[in-house]
2 protein chains.
Amino acid sequence: MDNFSFSLRNMNLKVTPKRLAILDILMEETVYLSPEEIWGKMKRRFRKIGLPTVYRNLEELSEGNIISKVNHPNRKLYYYLCKNQSHHHHFICLSCRKVEDINFCAAKKINKEVKTKLKGKVISHILQVNGLCKTCSKKSDI
Amino acid sequence: MDNFSFSLRNMNLKVTPKRLAILDILMEETVYLSPEEIWGKMKRRFRKIGLPTVYRNLEELSEGNIISKVNHPNRKLYYYLCKNQSHHHHFICLSCRKVEDINFCAAKKINKEVKTKLKGKVISHILQVNGLCKTCSKKSDI
DNA sequence: TGTATAAATAGAAATGATTTCTATTTAATA
DNA sequence: TATTAAATAGAAATCATTTCTATTTATACA
């Protein structure tokens with residue numbers, strides 16, 4: 001049983017061909033994709049595949065932290081599969097959509113500040129850097 | 001001329017009663033509000049006020065960094081006016097919507113990492129902490 | 001290996017937050 | 001005060017996302 005199947009079982013999700021295909025598609029990408037784009041790729045693999053199925057699965061996989069949501073300025077939904085499993089954050093290129101890891105996490109300091117100063121409870125945190133990747137920033141120099 | 005009028009002029013926006021009222025409404029709040037909620041409050045002040053006007057103004061004010069967008073897990077649009085002008089980030093309570101400042105910014109470290117490791121260009125960054133505020137975390141203990 | 005059962009899916013349809021459009025009004029400028 | 005570009009109201013459209021229901025399928029277990 002491969003890693004993905006194991007993860008799916010762990011979250012009480014059945015191991016279906018469509019779920020595995022979505023993960024396989026995302027696994028091949030270095031850029032974030034929209035549900036509709038993933039649907040497009042799924043249609044090449046399955047004669048019957050509904051867009052709601054893609055949406056539902058992406059949401060479930062994201063819920064289980066197998067894939068991550070991208071916070072895009074255009075407020076549309078995009079997903080990305082982190083090849084690196086350890087906790088980290090992302091740099092996203094607004095031009096070519098490439099996602100790169102940022103090996104930096106403020107969680108500790110943040111948790112401390114919230115705990116001591118605000119006396120609150122942290123549920124989640126978002127840290128994302130938007131910009132232009134190496135290649136695209138060179139292009140925009142022209 | 002008050003501060004808001006000055007800011008509006010600075011961004012080449014006309015100083016209209018509706019813009020000032022939106023800012024005034026947000027100024028009174030310690031919680032983030034949806035465009036529709038702000039519209040509701042606007043309707044108490046103006047006989048004629050369109051929801052698109054509220055949306056447009058909120059977007060413009062956000063563009064000019066006078067107010068900030070909240071990244072809510074439900075993906076809906078919410079806005080908040082920071083009383084504290086200096087660059088900082090927010091802790092938002094998912095229960096009562098209260099927004100509190102986090103006097104911590106990872107920008108320097110992030111910029112350094114993006115510059116040296118990724119050779120990219122940072123355009124913006126999002127740092128937001130979601131959780132339960134002091135009061136709400138006590139309630140949920142019950 | 002069959003059978004039961006809850007979960008997953010397809011496809012159509014609905015939803016509703018957000019945006020667009022156009023005629024009218026208004027703030028700013030001189 | 002007249003001019004003009006920007007702002008607005010209100011209706012209408014958009015379209016990404018979700019819901020719904022009948023059908024199919026993965027899984028557990030006899």
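## The interface between the protein chains

In this predicted model, chain B and chain A bury about 3,200 Å² between them, and 62% of that area lies on carbon and sulfur atoms; buried area here is the accessible area, taken with a 1.4 Å probe, that two parts lose on being put together, summed over both. On the side of chain B, the residues B:R75, B:L118 and B:I126 supply 20% of the area that this chain buries against chain A, more than any other three residues. Counted by contact, with heavy atoms within 4.5 Å, the interface takes 35 residues from chain B and 35 residues from chain A.

Between chain B and chain A there are 0 salt bridges, a salt bridge being a side-chain nitrogen of Lys or Arg within 4 Å of a carboxyl oxygen of Asp or Glu.

## Elements and residue classes at the interface

On chain B, the elements β4 (99-102), α5 (107-118), β5 (121-132) and α6 (134-139) each supply at least two residues of the side that touches chain A, where helices (H or I, at least four residues) and strands (E, at least two) are DSSP runs numbered from the N terminus. The most comes from β5(B), with 12 residues. By class, the side of chain B that touches chain A has 16 nonpolar, 9 polar and 10 charged residues; Ala, Val, Leu, Ile, Met, Phe, Trp, Tyr, Cys and Pro count as nonpolar, Asp, Glu, Lys and Arg as charged, and the others, Gly among them, as polar.

Strand β5 (residues 121-132) of chain A is joined to β5(B) by 11 bridges, and the two run antiparallel; strands pair if DSSP finds at least two bridges between them. Within this pairing, A:I126 stands opposite B:Q128 in β5(B).

## Surroundings of DNA strand C

DNA strand C is surrounded by 23 residues, the closest being A:T16, A:K18, A:K48, A:T53 and B:Y55, where a residue is near a strand if one of its heavy atoms lies within 4 Å of it. Sugar and phosphate make up 76% of the atoms of DNA strand C that come within 4 Å of the protein.

## Surroundings of DNA strand D

Around DNA strand D there are 23 residues, of which the closest are A:Y55, B:K18, B:K48, B:T53 and B:R56. A phosphate oxygen of DNA strand D lies 3.3 Å from a polar side-chain atom of A:R9, and another such distance, 3.0 Å, involves a polar side-chain atom of B:R19. The largest share of the surface near DNA strand D, 4 residues, comes from α4(B).

## Conventions

Residues are numbered from 1 along each chain as its sequence is written, while chains are lettered from A and ligands numbered from 1 in the order in which they are written. Local features need pLDDT of at least 70 and side-chain atom pairs count only at pLDDT 80 or more, whereas totals for chains, interfaces and linings use all residues, and side-chain values use heavy atoms, with hydrogens and water left out.

Methods:
Polar contact = N/O pair within 3.5 Å; in protein donor to acceptor, adjacent residues only side chain to side chain.
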